[in-house]
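Here is my note on this model. Please keep the sequence and the 3D view open while you go through the points.

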Amino acid sequence: MHTSEQYLTKPRQYKGWILGIAITLLIAGIAKYISGFPFLSVMGQLVIAILIGMIWRSTIGIPNQWHEGISFSSKRLLRYGIILLGMRLNLLDIVHAGPKVLVIAVINIAVTIPVVYGIARCFKVEHRLGVLTACGTAICGAAAVVAIAPQMKATDDETAIGAATVAILGTLFTLMYIVLYPWLGLSANGYGIFAGATLHEIAHVIAAAAPAGQASVDLAVIVKLTRVALLVPVAILIGIWTNARERKVNAQAVQASWRDIPIPWFIVGFLLASGVHTLGILPEAWADHMVDIAYLLIGMAMAGLGLNVHLATFRRMGLRPFVAGLLGSIILAGLGFELVQWLGLS
């Protein structure tokens, strides 16, 4: 792949690289604007960005010389976005929420990942796509998919389809939660915990918890961010598992050591950014701006992923992981509801 320095000596390619990045920025901006409308806010800007990208690719098309810039957005800018997203996470909020919230998050993730992956494999979904769908469903939607994808050495198609699948599922379940809220028999706080423990994206959690009031939204976000924090150990464990699986498949008699543990630099950056926010090193207003930039960069990455996927490919590869994610989301919702009751948080 060409670097940005090489493009400086090749004006035509450099122009294509810039235009590729620019189209992802344009789509991310459109998605941000559209997500401000009442109904579309439930979908969130990341879902909208990836859908616009897929539609753009299938209708208008993309010049070949733009692909390097689009790839830069979907890979490099994505990692910077994930790092800055750590500025949303205050580790003290998780501590103050109490051990029961952490227990719910850990149990939900520990159960949902193997269940969704197992269902996906029963439906003959490819191994990497099955893992991405499982992690996106269990942890934090599209952001988890794109964070785990490098650990899995996933293709652009697999990453885009995994991200789109959990993003769409999260939107559907958000609407379902809003309709069911009056009938669930949960207090405002209990409902906030339930939404934060089971829905896919932060945007989904905020939208679903809103009918129960601001206190419910605040608690839902804290619970959700507890799951987001668990992305770090899960990404490392997935990397270890993938390396071990590859060694077994390749029949390499290589002694594993701690040096083989794959710790992606952007996940470390995410954790460091969370530490910076927790310590209050930067003013809260700066942290909020950095989170806005994070969502813009991740939105550009989602647009880039969408621009790399044909709708025909999504129809061919996307139905079975969607069904697996749907069944897994139902199980996650049921498990989360029972845990809220069992732990006396309802």
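1. C135 is buried, at a relative accessible area of 0%, where buried means under 20%, exposed over 50% and partly exposed in between, for a 1.4 Å probe and protein chains only. C122 is exposed, at 64%. The closest cysteine sulfur to that of C122 is in C135, 17 Å away, which is too far for a bond. A disulfide is a pair of cysteine sulfur atoms within 2.5 Å. By this rule the count is zero.

2. A word on the source. This is a predicted model, in which local features need pLDDT of at least 70 and side-chain atom pairs count only at pLDDT 80 or more, while totals for chains, interfaces and linings use all residues. Residues are numbered from 1 along each chain as its sequence is written, and side-chain values use heavy atoms, with hydrogens and water left out.

3. Next, the aromatic rings. The whole structure has six aromatic pairs. Rings of Phe, Tyr and Trp (its six-membered ring) pair if their centres lie within 6.5 Å; planes under 30 degrees apart are stacked, over 60 edge-to-face and the rest tilted. How are the rings of W17 and F72 arranged? Their centres are 5.1 Å apart and their planes stand at 65 degrees, so this pair is edge-to-face. W17 belongs to helix α2 (residues 11-34) and F72 to helix α4 (residues 67-85), so the pair ties together parts 55 residues apart in sequence. Helices here are DSSP runs (H or I, at least four residues), numbered from the N terminus. W17 is buried, at 10% relative accessibility. F72 is partly exposed, at 24%.

4. Y33 and F37 form another edge-to-face pair, because their ring centres are 5.5 Å apart and their planes are at 90 degrees. Y33 is exposed, with 60% relative accessibility. F37 is partly exposed, with 40%. Elsewhere, ring pairs join Y177, F194 and F337 into a cluster.

5. F194 leads on to helix α9, as one of its buried residues. How many of the eleven residues of α9 (residues 188-198) are buried? The count is nine, so the helix is mostly covered. Besides F194, the buried residues include G190, Y191, G192 and I193. A195, G196, A197 and T198 are buried too. The cover over these residues includes α6 (99-122), α8 (156-180), α10, α11 and α15 (311-342).

6. Look at L84, in helix α4. What does L84 touch, leaving aside neighbours within four places in sequence? It is in contact (heavy atoms within 4.5 Å) with M290, V291, I293, A294 and L297. The C-alpha atoms of L84 and H289 are 9.7 Å apart, although 205 residues separate the two along the chain.

7. L51 sits in helix α3 (residues 45-59). It is partly exposed, at 26% relative accessible area. Beyond four places in sequence, L51 contacts M43 and I168. Its C-alpha atom is 9.9 Å from that of A167, which is 116 residues away along the chain.

8. Now the open space. On a 1 Å grid over the protein atoms alone, a pocket is an open set of points with protein on both sides within 12 Å along at least five of seven lines; a cavity is a set where a 1.4 Å probe fits but cannot get out; lining residues have an atom within 4 Å of a point. Points are joined across faces, edges and corners, and a volume is the space filled by probe spheres set on them. The largest pocket holds about 370 Å³. Of its 18 lining residues, K32, Q45, R88, A203 and Y295 are the closest to its centre. α3, α10 (202-209) and α14 (284-307) each give two or more residues to the lining. By class, the lining has ten nonpolar (Ala, Val, Leu, Ile, Met, Phe, Trp, Tyr, Cys and Pro), four charged (Asp, Glu, Lys and Arg) and four polar residues (the others, Gly among them).

9. The largest cavity holds about 80 Å³. Its lining includes L46, L85, C140, E201 and Y295. α7 (127-152), α11 (214-229) and α14 each supply at least two lining residues. Which classes make up this lining? Nine of the residues are nonpolar, one is charged and none is polar.
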